Amino acid sequence: MFSAADHRFMAQALRLAQQGLFSTRPNPRVGCVIVRDERVVGEGWHQRAGTPHAEVHALQQAGDQARGATVYVTLEPCAHHGRTPPCADALIAAGVARMVAAMRDPNPQVAGRGLTRLQAAGIAAECGLMEEAARELNLGFVSRMTRARPWVRLKAAASLDGKTALNNGVSQWVTGPAARSDVQQWRARSCAILTGVGTVLADDPQMNVREIAIPHQPLRVVVDSRLRTPPDAKIIAGGGVLIASAIGDQVKIQALRQAGAEVVVLPGGDGRVDLARLMALLAEREVNELMVEAGATLNGALLAAGLVDELVLYLAPMLLGDAARGLFALPALSRMDECKKLTLRDVRQVGTDMRVIARVL
């Protein structure tokens, strides 16, 4: 049974972990608090892949006061040699008496081994305090480790009648500046941003993170079945671009590669890109959270394939009418039980617009 003090210190560890929201990828966001005699003697958070983990920062701050202390950490301490040494060994060497983790590490290289190692050393190791909050913070990491695909978050901006652009394609701007600024936060926490060639041809977007300082830009991914992306497209000029195609046209591939893009050929049975294989490939490349910013065709294809986990919809107080372009290109339904069901997670006003976050059931 966890005490009120346990909850208070774990909440502090979760706030520390939140500081790594934009910087730890592909690693999880982790915070750690070390407490002795009801007083915090050390704290830390994982700041960037390849640098010391949260536990190491907290132990360095605590020094000799870590001996006999209780450690609160948002993720089970690692027990393997990765980019850094095992944190479980560091805690044992420091002589801590108790360790409380919010959740087990879903990484198969850890998966309970950290807890077991601590317990074998005589440390009281417990797990499960505020687990849901810790899991929410690392949805993408958990998804990659347990499902071998990223957490897919689809963002779209629409009018109140569900339209994203006029019939002629004009869409700037459906939503206001506050909503567009909010989108930057979602981009900044993502390992990759995915769009379709239709969006590239219509808008020539950069699809990068602006306004927020981050260690490196997310990978940009273009789904382009027939390799129609122009080599001089802005999205390629920014570097770090992967183009997924369904055809192996070597002339077009070579032109795109010379422009700086990487091209992979992932043909599906319908002449389009195999989206499930693309998700598996992105997971292999350590993409935790994937943000989709595309048009109705790709949005619909991802949703129909069961590859969308979360929707972030910005709804503007305007009506564009029946002839305007919709959010999802999906086949007609004949029964209500065929519809895609969602669960609302958050609804709030952002500037003049409404932001709705929903999970796909």
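In strand 9, Leu219 is the bridge partner of Ala192. This is a predicted model, where local features need pLDDT of at least 70 and side-chain atom pairs count only at pLDDT 80 or more, while totals for chains, interfaces and linings use all residues. Residues are numbered from 1 along each chain as its sequence is written, and side-chain values use heavy atoms, leaving out hydrogens and water.

Strands here are DSSP runs of E with at least two residues, helices are runs of H or I with at least four, and both are numbered from the N terminus. Two strands pair if DSSP finds at least two bridges between them.

| Pair | Sense | Bridges |
|---|---|---|
| Strand 8 (residues 192-196) and strand 9 | parallel | five |
| Strand 9 and strand 10 (residues 241-245) | parallel | four |

On the strand 10 side, Val223 sits opposite Ala244. Strand 9 itself (residues 219-223) is mostly covered, with four of its five residues buried (under 20% relative accessible area, 1.4 Å probe, protein chains only).

Now for the cores. A nonpolar core is a set of buried Ala, Val, Leu, Ile, Met, Phe, Trp, Tyr and Cys residues joined through side-chain atoms within 4.5 Å. The largest one has 39 residues, and Met10, Ile34, Val96 and Met99 touch the most other members. Helix 1 gives this core its largest share, six residues. A second, separate core has 32 residues, among them Val287, Leu298, Leu302 and Leu313.

How values were computed. Buried means under 20% relative accessible area, exposed over 50%, partly exposed in between (1.4 Å probe, protein chains only).
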